[in-house]
Amino acid sequence: MTATNVPEPTGDQRDRFLTTAQGVRLPDTDHSLKAGERGPSLLEDFHLREKITHFDHERIPERVVHARGAAAHGVFTAYGSAASVTRAHFLAEKGRETPVFVRFSTVLGSRGSADTVRDTRGFAVKFYTEQGNFDLVGNNIPVFFIQDGIKFPDVIHAGKPQPDLEIPQAQSAHDTFWDFVSLHTEATHHVMWAMSDRGIPRSYRTMEGFGVHAFRLVDAEGGTALVKFHWKPVAGVHSLVWEEAQIAAGVDPDFHRRDLAEAIEAGAFPEWELGIQVMLDDGTDSCEGIDLLDPTKIVPEELVPVQPIGRLRLDRNPTSYFAETEQVAFHTGNLVPGIEVTNDPLMQARLFSYLDTQLTRLGGPNFPQLPINRPHCPVNDMLRDGMHQTVVHTGIAPYRPNSLDGGAPVLAGAQDGGYVQTPRRIEGNAVRANPASFEDHFSQPAMFYRSLTPIERAHLVEAFTFELGKCCVQAVKERELAVLAQVDAELCAQVADGLGLPAPTGQPVRAVPISPALSQVVTEPGPVAGRRIGVVADAAADLSGITKLRKAVQKLGAEVLVIAPAGGMLKHGRSEQVVERTLLTARSIEFDAVLVAGGTVPTRDIKLVLLLQEAFRHLKPIGTWGDGEILLEAGIDLDAPGVLVAGAVDRAFTDALVTALGLHRVWDRAELVTSSAV
Ligand code: HDD
């Protein structure tokens with residue numbers, strides 16, 4: 001065989017002979033070669049040695065942060081509206097479609113930790129553009145803990161499990177985290193977001209994403225603007241309630257990963273709109289007094305609106321978690337012509353770290369050749385050799401200038417699509433210091449708090465009280481209270497109350513603007529695609545009512561799952577329903593609404609009572625058709641907000657359900673349930 005007709009490895013092992021890595025067909029993989037049936041194994045057994053050796057080396061180091069993640073493939077379609085600010089083809093050309101791979105993650109936990117812990121979420125997007133790969137490595141929180149990347153190891157060491165016993169896993173509710181953030185007060189703004197509902201998203205599909213830093217965009221004429229990137233989920237921004245997050249961490253640690261994969265599988269493709277806030281690049285690197293080089297600050301959307309420039313749709317699950325989700329390597333330095341960096345000291349350090357970290361994680365410098373990392377445009381670099389080199393380079397002159405390869409490869413100027421940096425003047429003394437404009441650590445946290453609705457504020461207070469309540473060192477709690485006193489006296493007093501500590505007083509009230517865009521509570525119903533309605537039924541239930549309900553909500557992309565006392569099929573008259581969950585396998589966290597089908601025999605089965613009461617407590621729409629007795633038996637107040645009782649499944653019933661689902665939670669019910677649940 002010549003090199004040209006060697007078969008490419010397909011990775012597909014179906015319908016083919018099992019072979020060794022050398023391609024030798026195998027007759028047996030269950031028994032090692034032994035000296036007699038009862039004898040020792042023989043060293044000459046090449047299959048045994050290869051199989052065990054490879055297994056011994058199957059694991060690679062997990063990411064030092066963001067180790068736990070889930071990803072999907074998709075496509076980004078540009079609206080063309082960004083052409084006025086950038087020459088990057090994938091953003092500027094109307095209708096241009098660019099393949100993407102998006103990885104969502106938590107920050108602190110290990111690779112096997114639970115999805116629903118309170119944490120920041122990563123939102124990393126790799127655009128395989130025709131001009132090379134562009135990575136937008138963002139989070140679901142628009143600010144960061146630190147202003148300078150040199151502090152990254154500090155904040156991560158503080159947030160990761162404590163080094164003596166390696167507990168707690170995947171959470172910030174411990175002394176070292178609060179010790180650090182109470183001493184390093186530039187973290188306050190990020191901490192406010194993390195303690196808010198943003199720290200426990202309902203799903204990856206309902207998270208906003210932010211590029212955090214200001215980027216410099218360059219248009220076709222060389223004009224520049226500073227921008228902040230925003231991802232806005234079409235499904236709306238929604239969160240779990242704390243008890244749900246805690247239950248899910250035990251009952252279904254893969255809650256977010258499963259939700260993403262199942263939505264894609266069901267055709268409810270998650271979508272986001274990409275938007276930019278465009279600011280003048282006038283040499284000051286600031287906008288209306290906000291320092292754009294300070295990653296602990298936002299630019300309120302009311303001040304600079306977010307302009308939509310394209311749409312992201314995730315429509316394909318990975319086929320190999322390891323090859324794709326684990327081996328994907330994002331890098332903030334993966335830029336394409338038309339997108340440049342700024343002097344933000346956090347961004348500058350990131351430009352070093354992302355390339356460097358892959359050397360340990362992926363075992364050498366050739367990780368860009370892995371299929372998931374490969375650009376979809378031609379690559380013609382002069383990088384050679386190294387561990388795991390897979391390219392068989394031709395030519396003998398991987399250097400420039402050369403004459404032996406005819407002077408190739410040639411260089412690209414701006415007119416050939418080369419990445420030509422915009423000249424920018426840099427001067428100053430070498431100092432280890434921040435500008436004075438980085439000093440205000442409290443005004444924007446105060447703006448964030450005061451822009452939330454009362455229920456969101458209550459959640460924030462509860463989160464602080466929980467996390468600080470988990471700390472053992474009194475001085476740490478007291479110091480964080482002193483920080484909160486600087487943000488807002490009401491917030492501080494309530495947390496202090498919960499901790500049983502005195503609230504520091506005497507801080508001036510800050511006059512801050514309100515930014516309604518910071519609240520995620522909606523007053524108009526949003527889309528319900530991808531939402532799940534659990535319907536409890538038994539053999540006596542009105543199964544045709546379930547069919548009607550399913551038809552009505554399926555049109556909108558929502559799903560009905562039947563829950564019954566036992567698995568199999570339910571049959572009643574000529575109607576049938578497949579049972580998708582039993583009372584043993586169902587838990588309220590999976591559903592956005594829980595109904596009981598009319599005719600279902602009332603029971604006090606504790607699993608049903610728990611299902612209904614949890615859904616009630618978590619402010620989800622619940623309901624039934626028929627006389628409603630089964631809800632009463634479970635202790636549900638039929639007159640409470642968001643409890644839907646109707647004679648039959650009719651238009652009014654399904655409309656009311658869809659409206660309630662679209663509002664995400666029945667917030668009016670909050671005061672009826674104990675605060676510790678929601
Ligand atoms: Fe980072 C991973 C997001 C600051 C160093 N980071 C990582 C990932 C996301 C972010 C989403 C996971 C990528 C993936 O899915 O593979 N990081 C951020 C954001 C930051 C930020 C939004 C602030 C605005 N990061 C930051 C700093 C440093 C790092 C300041 C170091 C100086 N981040 C890393 C890293 C990681 C990483 C060590 C670990 C795994 C990886 O890069 O590939 O290099």
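Helix axes are lines fitted to C-alpha atoms over the stretch in contact, and angles run from 0 to 180 degrees between N-to-C directions. Helices (H or I, at least four residues) and strands (E, at least two) are DSSP runs, numbered from the N terminus. The structure is a predicted model, in which local features need pLDDT of at least 70, side-chain atom pairs count only at pLDDT 80 or more, and totals for chains, interfaces and linings use all residues. Residues are numbered from 1 along each chain as its sequence is written, and side-chain values use heavy atoms, with hydrogens and water left out.

Helix H11 (residues 454-469) packs on helix H13 (residues 489-499) at an angle of about 45°, with the axes 9 Å apart. H11 and H13 are therefore oblique to each other. Angles under 35 degrees count as roughly parallel, over 145 as roughly antiparallel, 65 to 115 as roughly perpendicular and the rest as oblique. The crossing of H11 and H13 is right-handed. A crossing is right-handed if the near helix is turned clockwise from the far one by less than a right angle, and left-handed if anticlockwise. Contact means heavy atoms within 4.5 Å. On the H11 side, the contact residues are Arg-457, Leu-460, Val-461, Phe-464, Thr-465, Leu-468 and Gly-469. They meet Glu-490, Leu-491, Gln-494, Val-495, Gly-498 and Leu-499 of H13. By class, the contact of H11 with H13 holds seven nonpolar, four polar and two charged residues. Ala, Val, Leu, Ile, Met, Phe, Trp, Tyr, Cys and Pro count as nonpolar, Asp, Glu, Lys and Arg as charged, and the others, Gly among them, as polar.

H13 also packs against helix H12 (residues 474-487), at an angle of about 155° and with the axes 6 Å apart. That makes H12 roughly antiparallel to H13. H12 contributes Lys-477, Leu-481, Leu-484, Ala-485 and Val-487 to the contact. H13 contributes Ala-489, Leu-491, Cys-492, Val-495, Ala-496 and Leu-499. The contact of H12 with H13 has ten nonpolar residues, no polar ones and one charged.

Helices H5 (residues 188-195) and H10 (residues 443-451) pack at about 20°, with their axes 8 Å apart. H5 and H10 are therefore roughly parallel to each other. H5 passes H10 in a right-handed crossing. Thr-188, His-189, Met-192 and Trp-193 of H5 meet Gln-444, Pro-445, Phe-448 and Tyr-449 of H10. The residues of this contact divide into five nonpolar, three polar and no charged.

Polar contacts are pairs of N or O atoms within 3.5 Å. A side-chain N or O atom of Arg-63 is 2.7 Å from an oxygen atom of the ligand. Gln-358 places a polar side-chain atom 2.8 Å from a ligand oxygen atom. For His-66, a polar side-chain atom lies 3.4 Å from a nitrogen atom of the ligand.

Val-212, a residue other than glycine, has a positive phi near 65°. Val-212 is found in the loop between strand S5 (209-210) and strand S6 (215-218).

Key
A polar contact is a pair of N or O atoms within 3.5 Å; within protein, one must be able to donate a hydrogen and the other to accept it, and residues adjacent in sequence count only if both atoms are side-chain atoms.
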